[in-house]
Amino acid sequence: MAGPTGTPARTGARSFGIDIGGSGVKGAPVDLDTGALAGERVRLATPQPSTPDAVAKVVAEIIGSFGWDGPIGVTVPAVVTHGVTRTAANIDPSWIGAEAEALLRETTGRDATVVNDADAAGYAEARFGAARDHSGIVLVTTLGTGIGTAMIVGGRLIPNTELGHIEIDGEDAEHRASDAARDREDLSWEKWAKRLQRYYRTLENLFWPDLFVVGGGVSKKADKFLPLLDLRTPIVPAALRNEAGIVGAAMLASGGPARPA
Ligand code: BGC
């Protein structure tokens, strides 16, 4: 496209993000300067069983459909250390101990970086969303089937915080306070907010963040439950919604600005 002076319009650096969820695998190229998707998002169903091999083939199909040949960032609902998936939430247990990064590199022929789903979403929120350019301690929580968390300190991600599994009254916090718990137990907003209150109060007493960001699908309805919380820490809904995982994954891909260790 020609710019106003007849010179080619500037197109920002791009990367590619893929978000692997329990029901869908979504991917799109991302403009790294703006955090916007640089093409229409493609979503394919997560294969069942969702083994690493089967999912890697779907990832290859998605990037193939874009003709993408650069590096890719891929999220998984799992702890990831040094390219190995260590846990498996809402995905086949065979991901535990899988050499996910090596497998994705082999299957796709691309330079793949694998990151935890909440870390990717949180990182995108800190860069382009609700905590844009925040210089302090930001705790991003994603309320969904489980509770994912991302801690960003001065713009730097501390990966794999897993604070959805903090034990409160002898119970895994996500079991009581996730959006799935609200659904499963058919909780009113008020009843669910009481559980969230306990959860966020515990987090703020332990970590003293400067800001909470609340993501996950239910953050669309933040006005139903955030006003019911009484916390000392400001708490705001996520801004990027369901694109945050793709955007964060693309940003954290090899060669990206802040790849976690
Ligand atoms: C997992 C996290 C994941 C979160 C959201 C939790 O159960 O332990 O790794 O980020 O769910 O998918």
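Trainee: How many salt bridges are there between domain 1 and domain 2?
Mentor: The count between those two domains is 0, where a salt bridge is a side-chain nitrogen of Lys or Arg within 4 Å of a carboxyl oxygen of Asp or Glu. Keep in mind that this is a predicted model, where local features need pLDDT of at least 70 and side-chain atom pairs count only at pLDDT 80 or more, while totals for chains, interfaces and linings use all residues. Residues are numbered from 1 along each chain as its sequence is written, and side-chain values use heavy atoms, with hydrogens and water left out.

Trainee: Which elements give two or more residues to the domain 1 side?
Mentor: Strand E5 (80–81) and helix H3 (117–128) do. Helices (H or I, at least four residues) and strands (E, at least two) are DSSP runs, numbered from the N terminus.

Trainee: How much area do the domains bury between them?
Mentor: About 690 Å², 51% of it on carbon and sulfur atoms. That is the accessible area (1.4 Å probe) that two parts lose on being put together, summed over both. In domain 1, Val79, Ala118 and Asp119 lose the most area to domain 2, together 65% of what that side buries.

Trainee: Back to salt bridges, how many does the structure hold?
Mentor: It holds 7. One of them joins aspartate 169 to arginine 198, with the closest N and O atoms 2.6 Å apart.

Trainee: Where do those two residues sit?
Mentor: Aspartate 169 is in the loop between strand E11 (167–168) and strand E12 (171–172), and arginine 198 is in helix H6 (residues 189–207), so the pair ties together parts that are 29 residues apart in sequence.

Trainee: New topic: what is the strand order in the open sheet?
Mentor: The 5 strands run E3-E2-E1-E4-E7, with mixed pairing; two strands pair if DSSP finds at least two bridges between them. Strand E3 (42–45) and strand E7 (112–116) are at the edges with a single partner strand each, so one side of each has no neighbour in the sheet.

Trainee: How many bridges join E4 to E7?
Mentor: 5 bridges join E7 to strand E4 (residues 72–76), and the two run parallel. Isoleucine 72 stands opposite alanine 112 in E7.
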